[in-house]
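Subject: Structure handover

Hello,

Here is the structure for your files. My notes follow below it.

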Amino acid sequence: MREIDLLRQAGELAARILMTLKSNIVEGMTTKDIDQMAARMMRENRAIPSFLNYRGYPATVCTSINDEIVHAIPGNRKLLKGDLLSLDIGMFVEGYCGDTATSFCIGSSAPEQERLMKAGRESLEASIAAAVLGNRLGDVSYAMQSVVEAAGYHVVREYGGHGIGRAMHEEPHVPCYGKPGTGMRLVPGMVLALEVMANAGTAAIKHADDGWTVLTADGSLSVHYEKMVAITEVGTMLLTPHNE
């Protein structure tokens, strides 16, 4: 339980910083402004960015806008009113990783954006509810997929969640889609970063020339939500407690 407690501390800090960023992001800011703000908050809390220099990634956070699904690099792009921003952050605290993401609109949102975000949030919550002792990974992924598809959207199939601990990405991989009753059984001590990536259009993706940014192939909107959970003998523990 000591390791889970350390992961809880890292997750709680990641959640707190994510929500602080969300409350301070406004129209006219650049995505680089967000990155600098996140880096400062991590330094102030003695946390080490887990994204920076990971496989050459050049920034502290990922700032994906509208049709960008994940991994968009912060830069000089200014946020516009109505932009749909997916913000993903990660950090090490005393050697353990906290990782979480959310999507929200800048200033105001359209009904279609609200519907997509609602599906993404409910999908993640369904997957958390399925992440219980004795279930299998397929149950978790199926719960995620089912909510998104019931809303008329599609989950991304090339990317997903993952185990997490002393490294940001550990086994097992947790797809956004699955079949009930299949895959690894959930056992005590397992810690997962559950992620849903939902596209308003097709599930198809493409990659930008920067080698990092993943976009929807048809230019449709996408959302990204992520939370960490620990599987324990007494129940599932949410390690990144924040409200969307």
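Asn 66 is buried, at a relative accessible area of 17% (buried means under 20% relative accessible area, exposed over 50% and partly exposed in between, with a 1.4 Å probe and protein chains only). Asn 66 also has a positive phi of about 60°, although it is not a glycine. Its place is the loop between β2 and β3 (helices, H or I of at least four residues, and strands, E of at least two, are DSSP runs numbered from the N terminus).

Two points on how to read the rest. This is a predicted model, in which local features need pLDDT of at least 70 and side-chain atom pairs count only at pLDDT 80 or more, while totals for chains, interfaces and linings use all residues. Residues are numbered from 1 along each chain as its sequence is written, and side-chain values use heavy atoms, with hydrogens and water left out.

Backbone

Arg 55 is another residue other than glycine with a positive phi, near 50°. Arg 55 lies in the loop between β1 (48–49) and β2 (61–65), and at 70% relative accessibility it counts as exposed. The peptide bond from Glu 171 to Pro 172 is cis, with omega near 5°; Pro 172 belongs to strand β8.

The open sheet

Three strands, in the order β3-β11-β10, make up an open sheet with antiparallel pairing (two strands pair if DSSP finds at least two bridges between them). β3 (68–70) and β10 (205–207) are the edge strands with a single partner each, so one side of each has no neighbour in the sheet. From one strand to the next the twist averages 40° (axes are lines fitted to C-alpha atoms, for helices over the stretch in contact, and angles run from 0 to 180 degrees between N-to-C directions). Three antiparallel bridges join β10 to β11 (residues 214–216). His 207 stands opposite Val 214 in β11.

Helix α3

Helix α3 (residues 111–130) has 20 residues and spans 29 Å from its first C-alpha to its last, close to the 28 Å expected at 1.5 Å a residue (the expected span is 1.5 Å times one less than the number of residues). Its buried residues include Gln 113, Leu 116, Met 117, Gly 120, Leu 124 and Ile 128. Among the elements covering the buried residues of α3 are β4 (84–93), β5 (96–105), α4 (137–150) and β12 (222–232).

Val 155

Val 155 is in strand β6 (residues 154–155) and, at 2% relative accessibility, counts as buried. Beyond its neighbours within four places in sequence, Val 155 is in contact with residues including Met 144, Val 148, Tyr 177 and Met 197 (contact means heavy atoms within 4.5 Å). The C-alpha atoms of Val 155 and Val 196 are separated by 7.2 Å, with the two residues 41 apart along the chain.

The largest pocket

Which residues lie nearest the centre of the largest pocket? They are Tyr 54, His 71, Tyr 159, His 162 and His 169, out of 28 residues that line it (on a 1 Å grid over the protein atoms alone, a pocket is an open set of points where a 1.4 Å probe fits, with protein on both sides within 12 Å along at least five of seven lines; lining residues have an atom within 4 Å of a point). β7 (160–163), β8 (170–175), β9 and β12 each give two or more residues to the lining. The largest share, four residues, comes from β8.

Regards
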